[in-house]
Amino acid sequence: MFDPVTLKLNVDPLILSALREDIHSEDVSTNSVMPHPQAGEADLICKQDGVICGLQVFERVFTLMDPETNVEFFVKDGDFVKNGTLMAKVHGDIRILLCGERTALNYLQRMSGVATYTKNVSDLLKGTKTKLLDTRKTTPNNRIFEKYAVTCGGGNNHRYNLSDGVMLKDNHIGAAGGVKEAIAAAKAYAPFVRKIEVEVENLDMVREAVEAGADIIMLDNMSHEDMAEAMQIIAGKAEVEVSGNVTKENIARLTDLGVDYISSGALTHSAPILDISLKNLHAV
């Protein structure tokens, strides 16, 4: 759940922007059939098995439009919900329910889809010490929602943005002139409280990263054989992350390596939405 400060400073502006995208000047359809205020209620129903995430955001869409709107929830974020479950009843001015329905559902469906996919992937790491991480491969202006959804599904957040930590990727290394040079530059510039992570693509780069004192070494798109050898070279001198086209279909092949982290962009860029509907709207 988002705390009150985060909600007002970081979440509300994004929701309002989404509402403005959907309602340029007025909701012509709603104003045609409902010209005057009318109290009503609707049912929030899950139409697919999955992990629910984004209920607070769903509610916020309506309460930003009208603080008198009330949502009575029967489930909470992180719950696994079966197809057909009545998850909430939404009470308020019918005009507000109609205007906000699509935006509210877009958030809830997307966040629940990410949480569900993450849960499916994280379950494959049960019994290992390896933590599942997301990446910055998020939908623009939706990172705060998608990364929260990852945690609801049992995953963990990597750095939130470029200000959050030092990660030296292939182009940083190329710009600096090599692994050792990039790490040395980062140590000279970055605050001492920041860990330095470096992305490597072969065993020579692994050796350079260890010698240069990297805090975290990311094995990127390496063969299983090379990753196993890399673990012997690193030998506990740094934390180890594996990355590179990791999905639900192939993550199991990595579990025997004993790495600290596996990151997967698929958690946010490839998760399908969860089918959820707002139904049975009627006057009360």
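User: What is the accessible surface of the protein, and how much of it belongs to carbon and sulfur atoms?

Analyst: About 14,000 Å², with 51% belonging to carbon and sulfur atoms. Areas come from the Shrake-Rupley method with a 1.4 Å probe, and for residues only the protein chains shown count as cover. Bear in mind that this is a predicted model: local features need pLDDT of at least 70, side-chain atom pairs count only at pLDDT 80 or more, and totals for chains, interfaces and linings use all residues. Residues are numbered from 1 along each chain as its sequence is written, and side-chain values use heavy atoms, leaving out hydrogens and water.

User: Why is the pair of F2 and Y148 called tilted?

Analyst: Rings of Phe, Tyr and Trp (its six-membered ring) pair if their centres lie within 6.5 Å; planes under 30 degrees apart are stacked, over 60 edge-to-face, the rest tilted. F2 and Y148 sit 4.9 Å centre to centre with 45° between the planes, so they pair and count as tilted.

User: What makes F2 and Y148 buried?

Analyst: Buried means under 20% relative accessible area, exposed over 50%, partly exposed in between (1.4 Å probe, protein chains only). F2 has 10% and Y148 has 13%, so both count as buried.
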